[in-house]
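Hi there,

Here is the structure I promised to pass on to you. Have a look through it first, and then read on for my notes.

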Amino acid sequence: MREISMERVNKTREEMLGVVKSDVLTHEQKVANMANLADSLLEVLDLPEGLDDLLNKGIDEQCICDLFEGHAPLRPRYIIPDYEKFMKEGSEFLQLDPPKDLLEAVNNLLIFYKHVPSVTNYPVYVGSLDKLLDPFVQDMDEEMAEKIIKMFLIHMDRTILDSFCHANIGPEPTKAGFIILKVIGQMQDAVPNLTMKVDKDLTSDELLLAGVNTALHSAKPSFANNKMFESELGKDYVIASCYNGLKLGGGSYTLCRLILGNIAKKATDVEDFINDKLPYVMDIMARYMDERIRFEVEESGFFENNFLAKEGFIHRDRFTAMFGLVGLADAVNILMEKEGKTGRFGSNKEADDLGVRIMDKIDEFNTHHNNKYCEATDNHFLLHAQVGIAQDIDVTPGTRIPIGEEPEELIDHLKVISRFHKYFPSGTGDIFPIDATVHRNPEYVMDIIKGAINQDIRYLSFYGSDSDVIRITGYLVKKSEIEKLENHENVKHDTTALGMGAKHNGHILERKVR
Amino acid sequence: MSNSLKVPVNRIIPFSSVDGPGNRTAVFLQGCGFDCKYCHNPETRNLCVACGRCVQECPTGALTLVDNKVIFDYNKCCKCDTCIKVCKHGASPRIRWMEPAEVLEEVKSNMPFIRGVTTSGGECTTYPEFLKEFFRLCKDVGLTTLIDSNGSYDFSKDRELLEVTDGVMLDVKAYDLNEHINVTGTDNKMVLQNMEYLASVDKLFEVRTVVVPGLFDYEGTIAEVSNKLSAYKTNIRYKIIAFRPNGVRQEYRNYNSPDRAELDRLAEIAKSKGIKDINII
């Protein structure tokens, strides 16, 4: 481990004391912050030359961002336990037998969730809940089943204190799936996030419509293109955290992101960006990720010692890593200006074509970079359109069209995004607030989803424009909770602070209503 | 023959959630024989007479008068609607004369996100030959077809049109003859005849009444229409629409909008007469 200066130690000590005395942070948030600050004093990674200049800068200059993963990763960023196995076999470490009824099933799951680590210290994936619970609701009183599942979901919302926590349902209709949608539609909670896998051969109109109705009231589920994900990741994929496609029983070691707008600022023109500046930054970020992965696999001991690995709920060789990016629109607009052109991303074909060219370049780089610990995905990372963080100012999430510049017509918006979703097996998505009070026509949204999954569109989210719970960038937050935080009151979910940042810096309340 | 099928298209809305089931492309044709006081797109009633007033007022020079015709340059338009606000003739200079196949080409660019088309207006049945050809083309590419109509066209005499039409959404502006004349400037004999005829041949998708307090006895209209429709087996939707001042001409803008309780009361009346599918907008 490398030495660090006393000056840095003392600065960190001051920050730790600030956390202890904070009047806004809850106890859990203080503990997590203290741990991150302690971790920040470690220097164990063999960092690539040039990284410091790209990583440790303000948000208007930074080209690579490691999204608070810490200096000495003690666990993979995202962990996707095989809950089906847990339901079948129980767990020796947790001293739990396989459940025999619905009460035992939800109790076992709630216990298990408390033992699934992640970058947030809370589980980012809580299972395909319809499949996990369906066997137990078949022969029981429906009202009682609803009550138990509702309590199960409330328990999650009040104890999993971070909304980068994701459940899945579908693509097939199940009794449990309908119950889950019904009770979620009765509440407006941020946790768990929910995705419905949609497949034109497997998902019934009845299930899809129930999903749309629930989404317009409770801002979830989002809708994932099942055929697209299956063709890339296999049948055993799940959607976790924001909207990340990952392998069941695996996860992602790490996620770093390119801040494309800031890289574009350094380029003289389009060719300089494509052929010099972008490849230079991508190479350093990939080698930084390689080093993080090496430490996790070879040194941290996580995969040897954690019960999840020991009991086979996760397998090291089902993990991959996510090569993220933000600000494609920003980069395109900056480069168009440098070329003396006025077209902007999302409304001009030349600008959109440049976006495609940049994505092809990134995709090509990724398919030529190998990491021996990413066997699950052919030894390559997976591209990820990152949704942004609260501190982002003038950074547009992933490949989205900037808020305020959305095309007048939704069809034109969808045509732009259908050019970009295909690049991102580990997640991308677009969000549309819907004026549900005027429409009263959920089939309108259903038709759009059906069209989208035929058009290479991967993932869509909708929410009622008058809803309290809304989708920030990928995760959910209640507007009423943001207001509490703005008034300096404690709030239970740490993501509320991220939502407040995105409201002020990312203008997420100003999206074009459809 | 193809020339005769060109119609004046006021606008094409790529995605509409309020013109029938699911997501549909709505095609608005210019020209309507009714003159409803609460019309929210009064600029769709008549054809341009080339008086040139809008040409003078257009702030971006998108309109020019050439050979006694107003020519519209789409690329210069800033969509400020000055032209339709200053028009004294209930018309719009932003009209495109289009063939059925041309309209279909635009519609097709919205596939596969839409399940069908709805033609509206104006009064689209002013152009039945266009509708027949357009709907045939739509059917060929798998789209459903709906007509939004004021009911002035005698559907019973045009089986050919109904064969390619999946359903009609019919406005019943008022049940009483004199009230209908007061609201629209025309009588409603054909409207009521169409209502029963279309219901009897299972082509009546929806009936709509705009609720305008103070203008007519909307409660009586809703009760009478519900009574008539409940005699038919099919599940016809009754859409009860609250008056809103958006787009309405200045002189008629002062009607009040009914409140939610009043709309709910009307829905109850329709329900008590046997209407099952009621939609309040």
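Let me start with the place where the two chains meet. Chain A and chain B bury about 1,500 Å² between them, and carbon and sulfur atoms account for 57% of that area. On the chain A side, A:Ile411, A:Arg440 and A:Asp447 stand out: they supply 34% of the area that chain A buries against chain B, more than any other three residues. In terms of residues, 19 from chain A and 18 from chain B take part in the contact. Please keep in mind throughout that this is a predicted model.

Salt bridges also span the interface of chain A and chain B, and the rule finds 2 of them. You can look up one that pairs A:Glu443 with B:Arg115, where the closest N and O atoms are 2.9 Å apart.

A:Glu443 turns up again inside chain A, in a helix contact. Helix α9 (residues 205-218) and helix α19 (residues 442-453) of chain A have axes that come within 9 Å and cross at roughly 115°. The crossing of α9(A) and α19(A) is right-handed. From α9(A), the residues in contact are A:Asp205, A:Leu208, A:Leu209, A:Val212 and A:Asn213, while α19(A) brings A:Pro442, A:Glu443, A:Val445, A:Met446, A:Ile449 and A:Lys450. Sorted by class, that makes 7 nonpolar, 1 polar and 3 charged residues.

Another helix pair in chain A may interest you. The axes of α7 (residues 142-159) and α8 (residues 175-185) of chain A come within 9 Å and cross at roughly 60°, so α7(A) and α8(A) are oblique to each other. This crossing, too, is right-handed. Among the residues that meet here are A:Ile149 and A:Leu153 in α7(A), and A:Ile179 and A:Val183 in α8(A). The contact of α7(A) with α8(A) has 7 nonpolar and 5 charged residues, with no polar ones.

Finally, a few backbone details to look for in the loops:

- B:Pro112 lies in the loop between α3 (100-108) and β6 (116-121) of chain B. The bond from B:Met111 to B:Pro112 is cis, with omega near 5°.
- A:Gln95, in the loop between α4 (83-89) and α5 (102-113) of chain A, has a positive phi, near 55°, although this residue is not a glycine.

Enjoy exploring!

Best wishes

Key: Residues are numbered from 1 along each chain as its sequence is written. Chains are lettered from A and ligands numbered from 1 in the order in which they are written. This is a predicted model: local features need pLDDT of at least 70, side-chain atom pairs count only at pLDDT 80 or more; totals for chains, interfaces and linings use all residues. Side-chain values use heavy atoms; hydrogens and water are left out. Axes are lines fitted to C-alpha atoms, for helices over the stretch in contact, and angles run from 0 to 180 degrees between N-to-C directions. Helices (H or I, at least four residues) and strands (E, at least two) are DSSP runs, numbered from the N terminus. Angles under 35 degrees count as roughly parallel, over 145 as roughly antiparallel, 65 to 115 as roughly perpendicular and the rest as oblique. A crossing is left-handed if the near helix is turned anticlockwise from the far one by less than a right angle, and right-handed if clockwise. Contact means heavy atoms within 4.5 Å. Ala, Val, Leu, Ile, Met, Phe, Trp, Tyr, Cys and Pro count as nonpolar, Asp, Glu, Lys and Arg as charged, and the others, Gly among them, as polar. Buried area is the accessible area (1.4 Å probe) that two parts lose on being put together, summed over both. A salt bridge is a side-chain nitrogen of Lys or Arg within 4 Å of a carboxyl oxygen of Asp or Glu.
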